[in-house]
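I opened this entry to keep track of what I looked up, and in what order. The structure comes next, and my notes follow it.

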There are 2 protein chains.
Amino acid sequence: MTTSLPASARPASPLGLHRVLDPPGVLPQAAWRLDPSPVIAPDEVRVRVDRLNLDAASYRQLHEAHPGDPDKIRAAVLDIIATRGKMQNPVTGSGGMLTGTVAEAGPHSPLGLNPGQRIATLVSLTLTPLQITDGLAAWDGLSEQVPCQGHAILFGRSIAAVLPDDLPTPLALAVLDVCGAPALTSRVIKKGNIAVIIGAAGKSGSLSAAAARRAGAAKIIGVVPAEAEAALLRDPAAESPLVDEIVIADARDPVGLAENVEQAGGPADVTVVCVDAAGCEGGAILSTKQGGTVIFFSMATSFSAAALGAEGLAADVTMLVGNGYVPGHAEFALDLLRTTPSVRSLFERRVQE
Amino acid sequence: MTTSLPASARPASPLGLHRVLDPPGVLPQAAWRLDPSPVIAPDEVRVRVDRLNLDAASYRQLHEAHPGDPDKIRAAVLDIIATRGKMQNPVTGSGGMLTGTVAEAGPHSPLGLNPGQRIATLVSLTLTPLQITDGLAAWDGLSEQVPCQGHAILFGRSIAAVLPDDLPTPLALAVLDVCGAPALTSRVIKKGNIAVIIGAAGKSGSLSAAAARRAGAAKIIGVVPAEAEAALLRDPAAESPLVDEIVIADARDPVGLAENVEQAGGPADVTVVCVDAAGCEGGAILSTKQGGTVIFFSMATSFSAAALGAEGLAADVTMLVGNGYVPGHAEFALDLLRTTPSVRSLFERRVQE
């Protein structure tokens, strides 16, 4: 019943602006409704979807709104996708990601994908045109993992990663979920640098430590909150240690953290914050040399705490917002996992949990 | 009645940790109570205070808590300073800054200050030991400007600027208030760059534009929200224009902003965000080239909106948290004002308002 032109007849925008139906002129993520038409523009890609991974916050909201009723949860998800042309929970605003197989790649698509490749999207479902054709019949409604049939559209500036043949899909997805961190860490670390990784035993932290090693860091200090996390870093099965020094400290205590880091050989040229806890800005700044750099990957980072904290400490540090997108980030992170036994072992244990 | 050692007998910390009485071990800003003893450590400076500039939020809270009663407002401020050893409003958590004259500089102070110099502190009152000796008798309680007598302590890593003889104090203070922005802009801009300054007619924006010019920017595009602001940038009294192109656009509309910036000669190598409005992250990212840099100086910046926005747009941009401290920032900004007639004229009109 729409009177707009079909997607194929409108000039394509690499950002997907031509797919925005309502309200017009906004970015796809901000839109209420997208056009999920399967006909692709010359720079688009159509994916045959086999699974949605709903964002945890979104699934929790749906589960609470329809307690114990898988049919209602399924109906709610179908309704959102049919109404909005994308899986963006209107209450939480969040989406998730998907896996599938490339069905058709437009001749001008810059993504380098070919039909038949299995991929995961690295941009959010909140901006991905999506249509479901099986009524989600294969989904029990009881987990965020939604097996399904349908199609999704990737734009010229979307991001997708080819799923590797040599790694189990859950392991590959766990790596792809955090692949921006090691790529940016690798860009920033210079040969001979001292690196502090806060949250070194986590997924983004361990990959960032491996990236710092490959970039030539002279010393890597891993900060963890407790002995159990330290034990993960000391894995005896790994032939070479992921970090050179382990500091057990509360990253929310600036003075205590900085003192511990200094005793371990700091302060750092580059500090990488990979723990999702609020209040780590001051400790990260204080653990970094004058003239050094702090990269914040934690979504719990407060912009004003970082800006005012550095000023209050007269700290001449460069502070970077951890951008999840760096060209080549997916391949780089997968390669780090393949070639760093300590990272692989740590991921395998975390994915099993 | 305190049983702790006098400040002079304890080893001095450049961060002022030796002045923290309660709770022990935290940074001075996080402390409930500081020791404002006038005896200085070898790396400290004692300032004879003549004026406090209370933070606007703090003054508003005091004014509302004691409506129409200057005596009660005065008593409340005196009580805070006497109890906490610093002027940090316990409700708002905020402070302000002060002006005064250097009374004594310890032999190991790295601040380069000499007795008799008039200064302004560039670190917050929330971390500055302070004692008032005149009962604030000269203050009418009716404005944030608090004439007073007393002393304050600067640490090794405090920041203070000598007030220049050749500029009116209100003008100098207005410049010092935003002096981090032009200094960091100057570091980031390379010769031949295209710069976009969002909020170019404001205080930090105009100084950042002047800094971009001096750093050799090939083209400076100034973004303002309305014609009245554009008129400030077109000041006919100034011999050379502050910006090369003026864009009137809503910085909260990513697509509209980016289109306007592109028509004016963008996208930018470096985009500087100087407007205190929420929701400008996407527009700034979209107005910047792949491989370019965005510097966020606005305290209204959302960390997660910046991080997720760049990822959602597959934007390979470096995003910097605008650190208010860069060595030499005060002198650099004052010099820009002195040597850039268009900036001086803009500041003089803004300070008069």
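A salt bridge is a side-chain nitrogen of Lys or Arg within 4 Å of a carboxyl oxygen of Asp or Glu. By that rule I counted 2 salt bridges between chain A and chain B. I looked up one of them: the side chains of Asp316(A) and Arg187(B) meet at 3.0 Å, N to O.

Before going on I noted the ground rules. This is a predicted model, in which local features need pLDDT of at least 70 and side-chain atom pairs count only at pLDDT 80 or more, while totals for chains, interfaces and linings use all residues. Residues are numbered from 1 along each chain as its sequence is written, chains are lettered from A and ligands numbered from 1 in the order in which they are written, and side-chain values use heavy atoms, with hydrogens and water left out.

**Entry: the interface**

I took contact to mean heavy atoms within 4.5 Å. Chain A gives 41 residues to the contact and chain B gives 41 residues. I then looked up the buried area, the accessible area (1.4 Å probe) that two parts lose on being put together, summed over both. Between chain A and chain B this is about 3,700 Å², and carbon and sulfur atoms give 65% of the area. Of the area that chain A buries against chain B, 20% is supplied by Arg157(A), Phe303(A) and Val321(A), more than any other three residues.

**Entry: the two copies**

**Entry: strands and one alanine**

Strands (E, at least two residues) are DSSP runs numbered from the N terminus, and two of them pair if DSSP finds at least two bridges between them. In chain A, strand 4 (residues 96-105) and strand 5 (residues 118-121) run antiparallel, joined by 3 bridges. There I found Thr99(A) opposite Ala120(A).

In chain B I looked up Ala161(B), which lies in strand 8 (residues 160-162). Is Ala161(B) buried or exposed? Ala161(B) is at 5% relative accessibility, so it counts as buried (under 20% relative accessible area, with a 1.4 Å probe and protein chains only). Among the residues it touches are Ile119(B), Leu176(B) and Ala330(B).

Terms used
Helices (H or I, at least four residues) and strands (E, at least two) are DSSP runs, numbered from the N terminus. Buried means under 20% relative accessible area, exposed over 50%, partly exposed in between (1.4 Å probe, protein chains only). Lists of a residue's contacts leave out its neighbours within four places in sequence.
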